[in-house]
Amino acid sequence: MASRVRVGIAGTGSYVPERVVPNAEFESFLDTSDEWIVQRTGIRERRWVAEGENTSDLCVHAGKRALEAAGISAADLDLVIVGTLTPDYPLPSTACLVQDRIGATKAGAFDVQAACTGFLTAMNTAEAFIAAGRARRALVIGAEALSRFVDMSERGSCILFGDAAGAAVLMPHEDCGQGEVLRTTLGADGSGFEFIHISGGGSVHPATHDTVEAKQHYIRLKGRDVFRFAVKHMSQLIEEMLEGYDPDELGLIVPHQVNRRIIDAALDRVGMTDEKVMVNIQHYGNTSAATVPVALDEAVVQGRIEKGKLVVLVAFGAGLTWGASLIRW
Ligand code: UT7
């Protein structure tokens, strides 16, 4: 059997829509306040797509930036994988729209649906293809237009979500010399499928006037249940990724930006402080599959990741799903 190809992250990119939605905007139509939202979530503002702007548009911007950072052209790609729970259409995949628009003429393209774990699932899939010698250049993207799927009358959820896209180009480590993926893990527990759920529009409740009337096309969540699950899994995954490594080797943890309190509680459990953790939830809210790649790209741009140090990417979400990767930057 051929030996495993070591895989690296050759470049990252991200994009957020222009429209900034501060917490105060919700005060005009909901029984909520900037103070409540900041205290309970850490979110101060989020970005929402403009009319006519869709998930694939965000993907194209972020994807092109990642290709530029990696120094390759779209025509060099073998794979385009998009993690999203808010595709442009139920059919076909958003990845195909992106593949066409960026000119990835040689690439296979498909979406993965693992909610907030979408980017890490896409990245793990691409890593496995490259490691097995079945592909050499892959563009992986986590992107969402969640503002199209929230019920603006439900204060417990609509204040949480934002729109964004983040991307990374993966290739053999020998070709890019950076960002080696050392470890990856994915997990799921479908018994918790109703914790975060869109019940209408699938084969159980195909879209009808009634499902729309009942607002079944919107995201519903059991916030407190997710909170408990999230703290437990985030801390366990960080420990699992770093097991056997000297803590001094850690450069940065890039967690799913789900809720500032969840991130803080998880760090507390593993005995870590803020300084080695990337947090940008205050600016973008929870952008599901996009949080990890956007935060990773911002960390790269801000020079927060020292070459040679370890980076932990960690996410969890609807499914329930979870995933993590350990990278040597
Ligand atoms: O990425 C995966 C998807 N993300 C999630 O599933 C989110 C995970 N969960 C969370 O982030 C938190 O559970 C929330 C931010 C959703 C809620 O925070 P919490 O501290 O767990 O609040 P809670 O649900 O226990 O609600 C406390 C109170 C309730 O009022 P009563 O019943 O105590 O009178 C809520 O109705 O806060 C009320 N509340 C609000 N008040 C003002 C809920 N949302 C709001 C709001 N403004 N926006």
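Me: Which residues does Arg47 touch, not counting residues up to four places away in sequence?

Reply: Arg47 touches Val16, Pro17, Glu18, Arg19, Val20, Gly162, Asp163, His283 and Tyr284; contact means heavy atoms within 4.5 Å. The model is predicted, with local features requiring pLDDT of at least 70 and side-chain atom pairs pLDDT 80 or more, while totals for chains, interfaces and linings use all residues. Numbering starts from 1 along each chain as its sequence is written, and side-chain values use heavy atoms, leaving out hydrogens and water.

Me: What makes the place of Arg47 a strand?

Reply: Arg47 is found in strand E3, residues 45-48. Strands are DSSP runs of E with at least two residues, and helices are runs of H or I with at least four, both numbered from the N terminus. In space, the C-alpha atoms of Arg47 and Gly162 are 5.4 Å apart, although 115 residues separate them in sequence.

Me: What does the side chain of Arg47 reach, and at what distance?

Reply: The side chain of Arg47 reaches the backbone oxygen of Pro17 at 2.8 Å. A polar contact is a pair of N or O atoms within 3.5 Å; within protein, one must be able to donate a hydrogen and the other to accept it, and residues adjacent in sequence count only if both atoms are side-chain atoms.

Me: Why does Thr41 count as buried?

Reply: Thr41 has 2% relative accessibility, and buried means under 20% relative accessible area, exposed over 50%, and partly exposed in between (1.4 Å probe, protein chains only). Thr41 therefore counts as buried. Thr41 lies in helix H2, residues 34-41, and touches Ile159, Leu160, Asn259, Arg260 and Ile281, apart from residues up to four places away in sequence. The side chain of Thr41 also reaches the backbone nitrogen of Ile43 at 3.0 Å.

Me: Why is Arg155 called partly exposed?

Reply: Arg155 has a relative accessible area of 47%, so it is partly exposed. Arg155 is placed in helix H6, residues 155-158. Leaving aside neighbours within four places in sequence, Arg155 is in contact with Leu30 and Asp31, and a polar atom of its side chain lies 2.9 Å from the backbone oxygen of Asp31.

Me: How do you know that the buried residues of H4 are on the same side?

Reply: In helix H4, residues 94-102, the buried residues are Thr94, Ala95, Val98, Gln99 and Ile102. They cover an arc of only 140° around the axis, which puts them on the same side of H4; the arc is that of the directions from the helix axis to the C-beta atoms. In general, an α-helix has 3.6 residues a turn, so residues three or four places apart point the same way. The buried residues of H4 pack against helix H3 (55-70) and strands E4 (79-83), E5 (108-112) and E6 (138-145).

Me: What makes helix H12 largely enclosed by the rest of the structure?

Reply: Nine of the 11 residues of H12, residues 291-301, are buried, so this helix is largely enclosed. Among the buried residues are Thr291, Pro293, Leu296 and Glu298. Just after H12, Gly303 takes a positive phi of about 70°.

Me: How many residues surround the ligand, and which are the closest?

Reply: There are 21 residues around the ligand, the closest being Thr32, Arg40, Arg224, Asn259 and Asn286; to be near, a residue must have a heavy atom within 4 Å. H2, H6 and H9 (223-242) each supply at least two residues of this shell, and H9 gives the largest share, four residues.
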